[in-house]
Amino acid sequence: MDVVRTAIGLMSGTSMDGIDVALIRTDGRGFIERGPFLGVPYEADFRERLKRALELARPLTDRRGRPAGLRDIELELTLRHALAVTAFQERHGLSADAVDVVGFHGQTVLHRPDDGLTIQIGDGRELARRTGISVVYDMRANDMLHGGQGAPLVPVYHAALAGKLKQAGEAVCFVNIGGISNLTYIGADGRIAAFDSGPGNTLIDQWIEMHTGRTYDPGGEIGGRGKVVPALAERYLDSPFFRGNVRRSLDRGDFAPLRSGEASLEDGARTLAHVAAASIVKSAGFLPERPSAYIVCGGGRLNGTLMAELSAMAEGSRVLSAEAAGFDGDAMEAEAWAYLAVRSLDGLPLTFPGTTGVAAPVTGGVLARP
């Protein structure tokens, strides 16, 4: 009989806006009972520290390398995750003994799949010590050691969630619009195909912050007042990333931000929302078939301008928010990391040839006990 465990997932994504905390009960297979969620935003000065971490990591060639400044930021990040777990437990009356494992993503500071290099800062052993809960962390590295791209890892969780849709005979595509967007296709027969699809929120967020000091475009309102600048949109959409049959995972630095003065605030935001939507549709052309529905999760689903662009381009496929499909679009990635941690404990595969390009299904993760 498969063991059902209670797991907390922790996600800090490429948007670097905070920590997502989610609880699930799962056997790491088909049984999933979704629990509460908490979002813990980063303060502005720590977001600047994380941007500094990206610069410090850029010259690294060893994934274990931690220059002094980067090590300091890693400790700060770990402490914030420990505090987030404590706040979550207090809010929901959970003792450390009530949680079997924490799935800890950490913060990606460098991702070079062509070089077999990915670096997520975050000290799993320190997190286990401070929370008193076992922690599974560093879940991407083993995939890369076996020839994979190290991303995306969420598809196996998407496939588990899609069970009821597969029974209805639908091929569906989960779209996660975070800093980078990625797609997970689940065919009616259960076949999985997944890959990064292009820039998501990062370019929009960078543009908005440059001009207003805000960290994002609330609801896509700014972009909704603008017009698409075709020449700027094509500059992104003509990228070699969208050509050829080999899909690759992306780093947030793979698409350069718009430069100041290239467009008005509103036109820049609209153009980048258009690019995010068009990237999804262009990349979906590499899926085995057109999905009957796109289920959109991540922060990008809250950008009404982006969602309207995607709906207009979807060519007969329905575009649904995660909530409209019965899920929680804010919690999904954190839930996935909890699910992956349980699979790691049982030695089950986290990645597959159809998701990361790894040669054969492979497990991953490092276990740290308190």
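Which residues form one aromatic cluster? Tyr236, Phe241, Phe242 and Phe255 do so, in a model that is predicted rather than determined by experiment. Residues are numbered from 1 along each chain as its sequence is written, and side-chain values use heavy atoms, with hydrogens and water left out. Because the model is predicted, local features need pLDDT of at least 70 and side-chain atom pairs count only at pLDDT 80 or more, whereas totals for chains, interfaces and linings use all residues.

## Aromatic rings

Rings of Phe, Tyr and Trp (its six-membered ring) are taken as a pair if their centres lie within 6.5 Å, and the pair is stacked when the planes are under 30 degrees apart, edge-to-face when they are over 60 degrees apart, and tilted otherwise. By this rule there are seven aromatic pairs. One of them joins Tyr42 and Phe46 in an edge-to-face arrangement, with 5.0 Å from centre to centre and 70 degrees between the planes. Tyr42 is buried at a relative accessible area of 8%, and Phe46 is buried as well, at 1%; here buried means under 20% relative accessible area, exposed means over 50%, and partly exposed lies in between, for a 1.4 Å probe and protein chains only.

Another pair consists of Tyr157 and Tyr339, whose ring centres are 5.2 Å apart and whose planes meet at 50 degrees, so this pair is tilted. It links distant parts of the chain, since Tyr157 belongs to helix H5 (residues 155-161) and Tyr339 to helix H12 (residues 332-345), 182 residues apart. Helices (H or I, at least four residues) and strands (E, at least two) are DSSP runs, numbered from the N terminus. Both Tyr157 and Tyr339 are buried.

Some rings also have a charge over them, which requires NZ of Lys or CZ of Arg within 6 Å of the ring centre and within 35 degrees of the ring normal. The table gives two such cases.

| Charged residue | Ring | Distance to ring centre |
|---|---|---|
| Arg235 | Tyr236 | 5.8 Å |
| Arg247 | Phe286 | 3.7 Å |

## The five-stranded sheet

Five strands form an open sheet in the order S10-S9-S8-S11-S12, with mixed pairing, where two strands pair if DSSP finds at least two bridges between them. S10 and strand S12 (318-321) stand at the edges, and each has a single partner strand, so one side of each is left without a neighbour in the sheet. From one strand to the next, the twist averages 20 degrees.

Strand S9 (residues 180-186) pairs with S10 in the antiparallel sense over seven bridges, and Phe195 in S10 is the bridge partner of Leu183. Helix H10 (residues 265-284) packs on the sheet, where it touches strand S8 (172-177), S9, S10 and strand S11 (293-297), and its direction makes about 150 degrees with that of S10. Such angles run from 0 to 180 degrees between N-to-C directions, with axes being lines fitted to C-alpha atoms, for helices over the stretch in contact, and contact means heavy atoms within 4.5 Å.

S8 runs antiparallel to S9, to which six bridges join it, and a hairpin of two residues connects these strands. On S11, by contrast, S8 has a parallel partner, joined by five bridges, and there Val172 has Ala293 as its bridge partner. Six of the six residues of S8 are buried: Val172, Phe174 and Asn176 point one way, while Cys173, Val175 and Ile177 point the other way.

A disulfide is a covalent bond between the sulfur atoms of two cysteines. When a disulfide is counted as a pair of cysteine sulfur atoms within 2.5 Å, a search of the whole structure finds zero. For Cys173, the nearest cysteine sulfur is that of Cys297, 9.8 Å away, which is too far for a bond. Cys173 is buried, with a relative accessible area of 0%, and Cys297 is buried too, at 2%. In S9, Tyr185 is the bridge partner of Cys173.

Asn201 lies in the loop between strand S10 (192-199) and helix H7 (202-212), and this residue is buried at a relative accessible area of 10%. Leaving aside neighbours within four places in sequence, Asn201 is in contact with residues including Ser15, Ile177, Gly299 and Leu306. The C-alpha atoms of Asn201 and Leu272 are 8.6 Å apart, although 71 residues separate them along the chain.
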